[in-house]
Amino acid sequence: MASYFIEPRVARLAALAAAVLLLAGCGGDGAVAPETACAGRVNDTEDKLLACMTLDGVMSHLREFDRIARANGGHRASGSPGYEASGAYAERVLRDAGYAVTRSSFDFVRYENLGASVLRQVGPGAAVDFAHRVMDYSGSGDVSAAVGVVGGRGCRADDFAGFPPASIALIERGDCSFDQKIGLAEKAGAVGAVVYNNAEGMVHGALSPRAGVDIPVLEATQALGRQLAATPGLVLRVAASTRRDPATTFNLVAEGRSGDENHVVMVGGHLDSVQAGPGINDNGSGSAAVLETAVQLARTTTRYRLRFALWGAEEEGVLGSADYVGGLAPEALAKIAMYLNFDMIGSPNPGYFIYDGDNSDGRSQGPGPAGSEVIEQTFERFYAARNTPFKGTPFDGRSDYGPFIELGIPAGGISSGVDEIKTEADVALWGGKAGITFDPCYHAACDDLANLDPAALEFNSKAVAAATLHHANDLRGILRTAPQGGAARTVRKGYTPPADMRPRHLPALR
């Protein structure tokens with residue numbers, strides 16, 4: 001797995017192409033599964049399904065997503081022609097496989113960073129420009145002003161006591177939402193803000209679309225933030241140019257034709273990319289695995305009803321899945337037994353992470369809805385049976401499973417790692433390179449076909465398929481009682497959904 005990251009991008013792309021050719025028609029477990037054989041096969045056992053769940057099958061969808069992005073301004077963001085084309089392709093694949101597909105539209109606020117941002121020390125001394133990032137949904141502006149270092153972490157009005165109006169607020173990340181920090185800064189008279197990290201690396205944060213922030217908000221690393229805070233008489237220039245427009249996008253939902261429709265197993269991932277790049281790992285990888293799983297299970301009769309979803313506007317705040325569950329009648333919600341979510345499963349410097357549904361790691365707000373721990377165990381068994389080490393990842397609701405667990409619906413899923421730094425301990429488990437992120441092209445233009453680890457992508461795609469087939473026939477431990485029309489669900493004890501349901505892989509809130 002590590003070699004695909006360490007090599008130059010061109011070499012990695014060549015290696016990926018070679019792997020695709022080598023594995024085409026092969027299940028990866030030594031079982032030959034020519035396309036012609038799988039085309040008419042009923043994959044009603046795990047062995048049959050995994051033999052047909054090939055890297056080439058998944059890559060066929062990713063190649064199309066990449067082609068679409070390159071033909072449409074380099075991205076597939078919601079509300080764009082690239083997203084429309086991605087949805088049309090996925091809808092065609094699902095209909096051709098025999099599913100009943102619905103497209104449901106919803107409105108959202110589309111954000112765009114227009115570029116030309118500036119973070120510059122104007123004084124004291126000579127002018128110096130600093131590396132930075134514009135926080136998503138920042139306002140626009142170009143201001144030069146003295147800096148006011150905010151006490152605490154800017155989560156209380158008291159933290160802004162003595163803050164000089166018409167200054168630029170310098171705020172440390174943590175303890176509360178960015179909306180709360182910037183809202184208090186605006187009330188205190190700030191004309192701009194710089195939020196610096198409370199750990200290594202860049203913040204990669206976001207304000208909520210409805211916050212309506214008017215001032216420019218930039219992000220900085222922990223080291224730069226501390227440097228700026230320690231500079232007496234600091235004057236900064238902070239500039240950002242952004243646009244926020246009303247827009248419309250859609251979800252795709254494909255319904256199976258077999259199984260008990262009163263017990264629905266949902267499987268999904270978000271289809272949209274950010275505007276910065278084509279989104280091949282984030283989240284073409286999850287979307288492609290969901291699509292290929294649907295194709296390979298199309299002829300299989302399952303005990304429970306399968307429903308596949310590709311969500312829009314996840315990158316804008318987990319809006320698609322929230323709109324979906326928010327629009328369902330209580331009777332329809334009660335029929336959803338569980339939800340599986342797949343978001344980034346082919347990272348080039350990969351790890352193997354399972355959503356921590358029972359909070360056994362103690363890093364989530366609490367355990368998920370009853371039954372989430374059973375889903376977690378399903379993935380644990382899959383990895384353990386193949387001698388693949390795994391770790392839990394916080395079950396905090398910041399991806400498309402968030403709206404489901406908010407309503408008490410059991411959920412789970414996997415990830416290959418995002419923008420966290422890979423440690424030496426991680427390398428000891430999985431190989432790869434320490435000191436850099438699991439996906440160095442996260443939310444960047446380089447998130448293309450070269451930004452994948454083929455082994456991780458194939459392995460995790462098989463995990464997607466295996467878990468889907470398993471739970472389409474086995475809901476033991478998940479169905480405590482048979483859903484009744486309009487029956488209320490119990491929200492997990494102590495669970496508070498993140499403000500605006502921001503994505504998990506955007507540490508957007510704090």
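**Ground rules.** I'm working from a predicted model, where local features need pLDDT of at least 70 and side-chain atom pairs count only at pLDDT 80 or more, while totals for chains, interfaces and linings use all residues. Residues are numbered from 1 along each chain as its sequence is written, and side-chain values use heavy atoms, with hydrogens and water left out.

**Strand β2.** On another side of my list, β2 and β3 (residues 128-129) run antiparallel with 2 bridges. Gln121 turns up in both pairings: Leu236 stands opposite in β9, and Val128 is the bridge partner in β3. Between β2 and β3 I find a hairpin with 4 residues between the strands, where Gly125 has a positive phi near 80°.

**Salt bridges.** How many salt bridges are there in the whole structure? I get 21, counting a side-chain nitrogen of Lys or Arg within 4 Å of a carboxyl oxygen of Asp or Glu.

I checked Asp129 with Arg120, which meet at 2.6 Å, N to O. Asp129 is exposed at 51% relative accessible area, and Arg120 is partly exposed at 25% (buried is under 20%, exposed over 50%, partly exposed in between, with a 1.4 Å probe and protein chains only).

Next came Asp245 and Arg243, with closest N and O atoms 3.0 Å apart. I also noted one network of salt bridges with shared partners, joining Glu84, Glu91, Arg95 and Arg103.

Technical notes:
Pairing = 2+ DSSP bridges.
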